[in-house]
Amino acid sequence: MTGSCPVYAGVDVGASRTKVAIMNADGELLGFHIKKSGTDFKATADDCLESSLQMAQAARIDIVKTVSTGYGRRNVSFSDDSKTEIGCHAKGCFLYFPMAITIIDIGGQDNKVIKLDHNGRRIGFKMNRKCSAGTGAFLEEMSPRLEIPLEEMDGLARQSTDMVKLGSFCTVFSATEVLENIRNGKKVTDIVKGLFYSVIKRVIEMDAFTENVVMTGGVVAHNPFLVSMTEEYIGQKILVPEHPQLTGAIGAALYAMG
Amino acid sequence: MSDEKKPVIRRLTTSKDMGKFMADYYYELDDAAKTGKQKIAWCTSVGPAEILRGMGFLTYFPETHSAMLGTSRMATDLIPKANAIGYSPDICSYLTADIGAFLEGVTPLAKVFKGIESPPKPDVLVFNTNQCRDVQDWFNWYGEKFNVPVVGVHSYVGVGDVTSAHVTSIAKQMENMVEPLEKVAGRKLDMDEFKQAVALSRECSDLWEKCLAAAAAKPSPLTFFDGTTLMGPAVVGRGTQKAIDAYNLLLEELEERADQGLGALEEERFRIYWDGMPVWGRLGMHSKLFASLKTNVIASTYCSSWIFSALDPDDPFNSMARAYTELFIVRGDDYKEQYIKERMDFFNVDGIIYHDAKTCPNNSNCRYGMPQRLAEETGIPSLTINGDLNDLRLLSDEQTKTNVEAFIEQLEEG
């Protein structure tokens with residue numbers, strides 16, 4: 001099927017998931033798709049594009065320009081240009097929250113804290129260091145150790161009544177702490193909330209925050225309880241876009257619009 | 001997929017002369033070690049080399065060897081050998097790489113210079129802790145291995161103004177080194193030779209300072225990555241005429257480039273100041289990364305560490321004490337901030353990158369809020385990258401790349 005309007009494509013090939021956003025010239029999201037990045041980034045990006053175009057009722061011929069981002073941004077065969085995920089998340093978030101904001105993006109393999117002024121201009125940014133603590137990878141590592149599926153973590157954390165506090169920076173040391181808590185008879189719900197708390201702490205300590213905080217990323221999309229916990233931790237309301245996992249792809253599509 | 005144009009980096013023709021300088025230097029040391037015709041002192045890179053020259057020692061600088069272990073990417077495999085005998089992976093990876101190389105009996109010198117099989121055996125080891133305490137431990141280890149004396153200067157840390165008390169104390173320590181060194185040298189310190197070495201060191205320092213200052217031209221004729229190898233003569237050859245000759249040639253070429261408006265990069269959109277050590281095993285990669293972004297890292301605190309403007313042949317001990325204490329690395333944060341601010345202004349940079357080197361806290365100036373304070377004062381944006389001078393296990397190339405690209409995007413978007 002071919003639509004009549006020109007569209008812009010943003011492709012975010014992340015370490016964990018590939019996201020594609022199709023937008024029109026008015027900045028409306030017409031179609032999107034999310035898929036595990038796997039090992040063949042090119043094929044995954046292609047699949048995501050096809051599904052997104054289908055949702056947008058558009059065809060490849062309608063695409064004016066494509067911009068790719070994320071770790072695999074250079075592996076997208078149909079991309080016209082590439083931008084960093086820092087820039088794309090910034091652009092994507094500012095579309096929904098056009099004000100001075102601090103963006104916390106919790107991704108599969110890295111975290112970002114990005115600061116924008118009221119014009120959307122990037123003031124600064126930070127990424128997590130080499131360590132995976134505080135990223136989606138930390139939760140992915142813990143999930144099999146606790147023998148619970150990733151997608152059940154959010155629900156379990158919400159049931160906690162006596163959160164376990166984990167002290168270590170290190171994912172491996174944290175795993176040891178988890179085992180110790182299991183041995184001591186702590187409830188899985190309390191341990192999972194402790195894991196969430198650990199993720200938040202690692203991110204919060206990356207930078208100081210401004211008045212308006214936005215949270216994005218796959219980890220936030222699948223674990224919205226993290227947002228509530230962060231709000232409680234920093235004592236302020238947090239803004240979350242409608243599709244927190246798509247912010248990078250949306251930003252890339254906005255770059256494509258120029 | 002977007003095309004990436006291969007960046008054009010203009011090589012300096014005098015870099016070949018620098019290469020020859022280093023080759024001659026190592027062959028002279030190797031010959032002395034094999035024939036025993038001249039005594040060899042191992043010296044820290046900002047140690048009191050001039051005193052050693054005044055006694056006829058040839059000087060070898062293990063830090064340069066460690067940097068070569070880094071550039072040759074041998075270091076990462078050797079560091080664990082030193083870790084295994086008790087030297088933590090968290091301490092200086094120059095030390096651990098160098099000791100690891102000794103334990104394994106390997107050296108990059110053998111790969112680069114035909115006929116050289118090992119670093120030259122020392123007759124004495126001489127350190128100054130002005131850069132860090134690790135050099136003392138490093139040299140003491142070799143002192144035991146080779147059963148040779150180790151003498152050193154214990155410097156101050158976090159120095160604000162360099163006072164006469166600092167100078168007197170350090171000068172006294174340097175004077176006290178003379179007697180034990182004379183025993184090893186088998187001769188007296190010749191004051192004329194010593195003063196001559198101080199005079200030559202000063203001249204070398206002044207020339208090197210001018211070479212680095214040439215990067216203030218727009219476009220800059222020099223990159224930081226060039227500087228890290230061009231500084232070789234200032235490190236190992238200060239106090240000799242050969243180093244002066246080498247820098248006269250370099251300065252001539254840099255000034256010629258500046259006059260012609262010829263930059264080290266074909267296109268220089270942004271100018272960056274680098275604080276901290278280079279990642280030796282990634283010099284080429286980083287050089288190409290910045291060049292591909294049409295960005296020149298033009299100046300650094302690191303390459304300026306071999307500028308010793310206080311040296312005065314008429315007052316050799318006191319002036320050496322002052323020169324080796326005035327160094328950036330010895331100073332307190334107030335001085336360092338002011339220094340970096342002035343340098344950023346002088347070189348007219350668009351941004352500053354701090355390298356937080358995991359195993360080199362003394363060369364990582366981003367750990368106590370300096371980037372934030374300087375950004376507030378100057379409005380110049382900064383980026384901190386995590387890495388290390390030698391241990392490649394401590395860095396992520398992909399993260400570095402993303403950080404640098406995002407930083408340049410930020411500059412582009414104003």
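Visitor: How many residues of chain B are in contact with chain A, and with how many residues of chain A?
Guide: First, the ground rules: this is a predicted model, where local features need pLDDT of at least 70, side-chain atom pairs count only at pLDDT 80 or more, and totals for chains, interfaces and linings use all residues. Residues are numbered from 1 along each chain as its sequence is written, chains are lettered from A and ligands numbered from 1 in the order in which they are written, and side-chain values use heavy atoms, with hydrogens and water left out. Taking contact as heavy atoms within 4.5 Å, 24 residues of chain B touch 29 residues of chain A.

Visitor: What area do chain B and chain A bury between them?
Guide: Buried area is the accessible area (1.4 Å probe) that two parts lose on being put together, summed over both. Here 44% of it is on carbon and sulfur atoms, and the total for chain B and chain A is about 2,200 Å².

Visitor: How many salt bridges does the rule find across the interface of chain B and chain A?
Guide: The rule wants a side-chain nitrogen of Lys or Arg within 4 Å of a carboxyl oxygen of Asp or Glu. Glu413(B) and Arg122(A) make one such pair, with the closest N and O atoms 3.4 Å apart. Across the interface of chain B and chain A, the number found is four.

Visitor: Which elements give two or more residues to the side of chain B that touches chain A?
Guide: Helices (H or I, at least four residues) and strands (E, at least two) are DSSP runs, numbered from the N terminus. By that naming, the elements are strand E8 (382–387) and helix H17 (397–412) of chain B.

Visitor: And which one gives the largest share of that side of chain B?
Guide: The largest share amounts to 11 residues. They come from H17(B).

Visitor: How far apart are the closest N and O atoms in the salt bridge of Asp47(A) with Lys35(A)?
Guide: Asp47(A) is in helix H1 and Lys35(A) in strand E3 of chain A, 12 residues apart. Their closest N and O atoms are separated by 2.6 Å.
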